[in-house]
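Good morning, and thank you for making time on the agenda.

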Amino acid sequence: DDLPDHRFIPAKPKDNPFLPPDYEAKLKEIYPEEMVKRLLEGDWDIPGVNYLIPYQQIRDAINRTMPASGVKIAGVDVARYGDDQTVFLIRQGNKVLDIVSWSHMDTTFSAGKVADLIREHKPIVTNIDSIGVGVGVFDPLRNEGFAVREINVSEKASNESYVNQRAEYYSLLAKRFERGEINIPDNSHLASQLASIKYKYQGTKLQIESKEVA
């Protein structure tokens, strides 16, 4: 705000003589490249990049206090080896209760890990992204009688405004942040992933950009 008795003096992190020597490296470990540029250079106007969820709304969701109410629902995004992580998330109503992630493990390990987490948290259903290696986690759990639901986000959206279910689900999530209807843990990697979701339009339909898109 432009206040009459205040003066804005811009300062960058590197202007701080007490900045830890590994400050920049740690930022790069946690945040996407664009966010690091913003924090280090004060460049908050990156042309040509459309972020789905504003970072301030993510911080608001972290600082917000909401009660856990209703049934528990879990979701799993499966990765196999590489640098990607398999993520298990459990929510109750609009409150995210816990996030558990692991990496460098095969689908056999992940299926067992998810089974343990389901027994611990007791969700009424666990949604599993079955694209690619995800089916290697979904099938064993289904065969063992767990209440799991297969999600294929590449399928057609129920609303013609979106390219696919992936875009539709992300858009619905973004609306929760916009309306202040979600409470998430203070998890730096989760905040980083949410802040890096980009969108574009394919004709008139909203599309979520691939993580590989620079």
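This is a predicted model: local features need pLDDT of at least 70, side-chain atom pairs count only at pLDDT 80 or more; totals for chains, interfaces and linings use all residues.

Residues are numbered from 1 along each chain as its sequence is written, and side-chain values use heavy atoms, with hydrogens and water left out.

Where does N183 lie? N183 is in the loop between helix 6 (165-179) and helix 7 (188-195); helices (H or I, at least four residues) and strands (E, at least two) are DSSP runs, numbered from the N terminus. Is N183 buried or exposed? N183 counts as buried because its relative accessibility is 4%; buried means under 20% relative accessible area, exposed over 50%, and partly exposed in between, with a 1.4 Å probe and protein chains only. Not counting residues up to four places away in sequence, N183 touches A61, I62, R64, T65, M66, N94, K95 and V96, where contact means heavy atoms within 4.5 Å.

K95 leads us to the sheet. In strand 3, K95 is the bridge partner of Q92. Strand 2 and strand 3 form a hairpin with two residues between them, and G93 in the turn has a positive phi of about 65°. These two strands pair in the antiparallel sense over eight bridges; two strands pair if DSSP finds at least two bridges between them.

On its other side, Q92 stands opposite K72, and strand 1 (residues 72-77) pairs with strand 2 in the antiparallel sense over six bridges.

The loop between helix 3 and strand 1 holds S69. Leaving aside neighbours within four places in sequence, S69 is in contact with Q92 and G93. S69 is partly exposed because its relative accessible area is 44%.

As a whole, five strands form an open sheet in the order 3-2-1-4-5, with mixed pairing. Its edge strands are strand 3 (95-103) and strand 5 (148-151), each pairing on one side only. At the strand 5 end, four bridges join that strand to strand 4 (residues 125-129), and the two run parallel.

Finally, the cores. In the largest nonpolar core, of 22 residues, I53, I58, F177, I184 and L194 touch the most other members; such a core is a set of buried Ala, Val, Leu, Ile, Met, Phe, Trp, Tyr and Cys residues joined through side-chain atoms within 4.5 Å. Helix 3 (55-63), strand 3, helix 6, helix 7 and strand 7 (205-208) are the elements that give two or more residues to this core. Apart from it lies another core, of 18 residues, among them V76, V100, I128 and V137.

Leaving aside neighbours within four places in sequence, I184 is in contact with I58, A61, I62, V96, F177, L190 and L194.
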